[in-house]
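Q: I have a chain open and would like to go through it with you. Can we start once it is on screen?

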Amino acid sequence: MVDFKAKARELVAQMTLAEKCSQLRYDAPAIERLGIPAYNWWNECLHGVARAGTATVFPQAIALAATWNPKLVKKVATAISDEARAKYNEARKFGDTQQYQGLTMWSPNINIFRDPRWGRGHETYGEDPHLTRRIARAFVEGLQGDHPVYRKVDATLKHYAVHSGPEALRHSFDAEVSKKDLYETYLAAFEYVIKHAKPAAVMGAYNRVNGEPCCASPTLLGEILRKQFGFEGYVVSDCGAICDINRHHRVTKTDAESAALALNNGCQLNCGSAYRSLLAAVAEGLISEDVITRACEMLFETRFKLGMFSDDCPYDNISYDIVDCKEHKKLNRKAARRSMVLLKNDGILPLDNTEDLKIAVIGPNADERTTALANYNGIPTEIITPLAGIKRAAKGKVYYAMGSRAWRRGDETLLREAVIAAQKSDVVLLFLGLTPAMEGEEGDASLTGGDKRDLDLPEVQCELFEAVVSVGKPVVLVNISGSAVDLSAAKERCAAIMQVFYPGAQGGAALADLIFGKYSPSGRLPVTFYRSVDELPPFEDYNMEGRTYKYFRGEPVFPFGHGLTYTTFEYSGLRAEQSDDNIRVSVNIKNTGDYKATEVAQLYFKLAEDVPGAPNKVLVGFANVKLKPGFVSEVVFELTREDFALVNQEGERVITPGDYELICGTERLRVALK
């Protein structure tokens, strides 16, 4: 085995203090006398290689979570890292690499989508730590590869930690959180993925947690990340976060003090300008050269492991021909199909695709290209919008009308055209929802500044909904958004509802596959769909009580984990066998309908007796089961007693004495842990 640590030590030992300091910045300059090319650490691949030109644009992260399919997500991440390597291999021929042309990827975002108002929630894997950790592990493993010596790309878990809005306050916000919520909700996925997938890096968040800036927190970085979680990689700051320590958090007074505080507490790499003050920090006695040296060695160790200074790295042979290739488009279409969630269906879907069927495709999101791209995206060689997908697949007449703008009032003729199209049709496909301009990161969501104020669709879309539904034709609402919106009116008045999270470049083709019954839907909600933010605690409150399926005590419009198919499944024989600390739970699932389909079996537990403050239920396992009509499959979940532990107010995982209730589909089973 190659000793990359030794190689890094040997190289760094030849550097001056100024040179070492320069290498701790994301835009590390060349050191020509040592043969070190310039390298920019800032690279993105949230759902495809981003901001680097042509790339396959897969479904957004929240859509990948809606697949509930780690194996598929790993294939997607493998394709992404192949394209990243291919693009890097060509870029390095110019002598160095520019921003977004490297191998150190600042993905995935594994923050918990605790509140539907958060604009960046669609970058995450949803509201549940178990689902998040399973999907995130698969994504990290797909990115980093399985070579025994070299890593394909570096995966970076972000944003560490307790980071989920408000966007407008993120540079100065102090997230106050209990130890229970910290370990049970906000850190659970980080711990699991670090221990099971060995990500190369972790990115510190902008905010403070209980008073300590995340990128300079002795508690988060030293005590928890290094000691408790055993993290051995490097930490990078979010961009500008270290300057925020003095400029917005007011914890320090100067950039030099902030740089020293962050590096001394374990943030090795700075995205921003703060580490330009490291030489001053040394001169002021705020930090030692030894700390700088160790950080520099860690960063060069990862560059060696990525094969940047080798000529035998097998990933150097990945061809540029793989970028947005035919195989990746096929995988993209499959991922999009698996991500779409059928929320309601009175039997109208799938549509009988005949030459006599007249379809009205109406709505501002029917032909909107930005919803395919979401954010942190590349540029696909083609985008198939829903309108394009339906028109390609439909055998009969397709009437199209935009009906309204996405958010602002337009010409009254748009609404009239929609009514005419609905009147002429047999069925209406109504495309409403949001766009990335309405929800996203601070500075990116141009219409809102990032977060949503409420869960309502824009007023102009509500008017379009009323006008179209009032025509009296059966309406299939296709809601395209990266987060939950209020669908209560549609639940009452539409024949069917399909939730389409930002679906990637092949989204329109994938949707047509489902609408016309070429495949059965199999997506499940990774978040709860509420009626109103009035049902939720204040956005700035990080207490989990009242949030997500675990602690929301009301009745949602559509619950976490919900999703229909074109067939029916029957659950039976839920049973549990205990042996020492191991618990084997199994259930039989039968396809009792007429369609081949995939069921996502979900296993939850809850305390059998009511305990104040306990979660409603807790997801502990899930599995994808593909069944033909009439076929039966046994699904097995291998658990341990530790899977039934809950976190107490001291942050300790404890198994509460008493009986537990297992829930899987329609089956329930009371068990007493031995």
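**Notes on the chain**

A: Ala 374 counts as buried because its relative accessibility is 9%; buried means under 20% relative accessible area, exposed over 50% and partly exposed in between, with a 1.4 Å probe and protein chains only. This is a predicted model, where local features need pLDDT of at least 70, side-chain atom pairs count only at pLDDT 80 or more, and totals for chains, interfaces and linings use all residues. Residues are numbered from 1 along each chain as its sequence is written, and side-chain values use heavy atoms, with hydrogens and water left out.

Q: Where is Ala 374 found?
A: Ala 374 sits in the loop between helix 14 (370-373) and helix 15. Helices (H or I, at least four residues) and strands (E, at least two) are DSSP runs, numbered from the N terminus. Although Ala 374 is not a glycine, its phi is positive, about 55 degrees.

Q: What about Arg 250, buried or exposed?
A: Arg 250 counts as exposed because its relative accessibility is 63%. Arg 250 lies in the loop between helix 9 (241-247) and helix 10. Its phi is positive too, about 65 degrees, and Arg 250 is not a glycine.

Q: OK, cis peptides. Which residue does a cis bond join to His 159?
A: Lys 158, with omega about -5 degrees. His 159 belongs to strand 3 (residues 156-160). The peptide bond from Leu 349 to Pro 350 is also cis, with omega near 0 degrees, and Pro 350 is in the loop between strand 9 and strand 10.

Q: What does Asn 353 touch?
A: Not counting residues up to four places away in sequence, Asn 353 touches Ala 393, Ala 394, Lys 395, Gly 396 and Phe 516; contact means heavy atoms within 4.5 Å. The side chain of Asn 353 reaches the backbone oxygen of Ala 393 at 2.9 Å. Asn 353 lies in the loop between strand 9 (341-345) and strand 10 (359-362).

Q: And why is Asn 353 counted as buried?
A: Because Asn 353 has a relative accessible area of 17%.

Q: Switching to helix 19: how many of its residues are buried?
A: Nine of the nine residues in helix 19 (residues 507-515). Among them are Gly 507, Leu 511, Asp 513 and Ile 515.

Q: What do they pack against?
A: The buried residues of helix 19 pack against helix 13 (326-339), helix 15 (386-393), strand 12 (427-433), strand 13 (475-480) and strand 14 (496-500). After helix 19 comes Gly 517, with a positive phi near 80 degrees.

Q: Ala 274 next. Where does it lie?
A: Ala 274 is in the loop between helix 10 (255-264) and helix 11 (278-283). Ala 274 counts as buried because its relative accessibility is 0%. Leaving aside neighbours within four places in sequence, Ala 274 is in contact with Ile 242, Cys 243, Asp 255 and Ala 259.

Q: How is Ala 274 placed relative to Glu 634?
A: Their C-alpha atoms are separated by 56 Å, and the two residues are 360 residues apart along the chain.

Q: Zooming out, how many helices and strands are there?
A: The chain has 20 helices and 23 strands. Of its 674 residues, 61% are buried. The C-alpha atoms fill a box of roughly 75 × 60 × 45 Å along the principal axes.

Q: And the contacts in the chain, what share joins residues at least 24 apart?
A: Among contacts between residues at least 6 apart in sequence, 76%.

Conventions. Polar contact = N/O pair within 3.5 Å; in protein donor to acceptor, adjacent residues only side chain to side chain.
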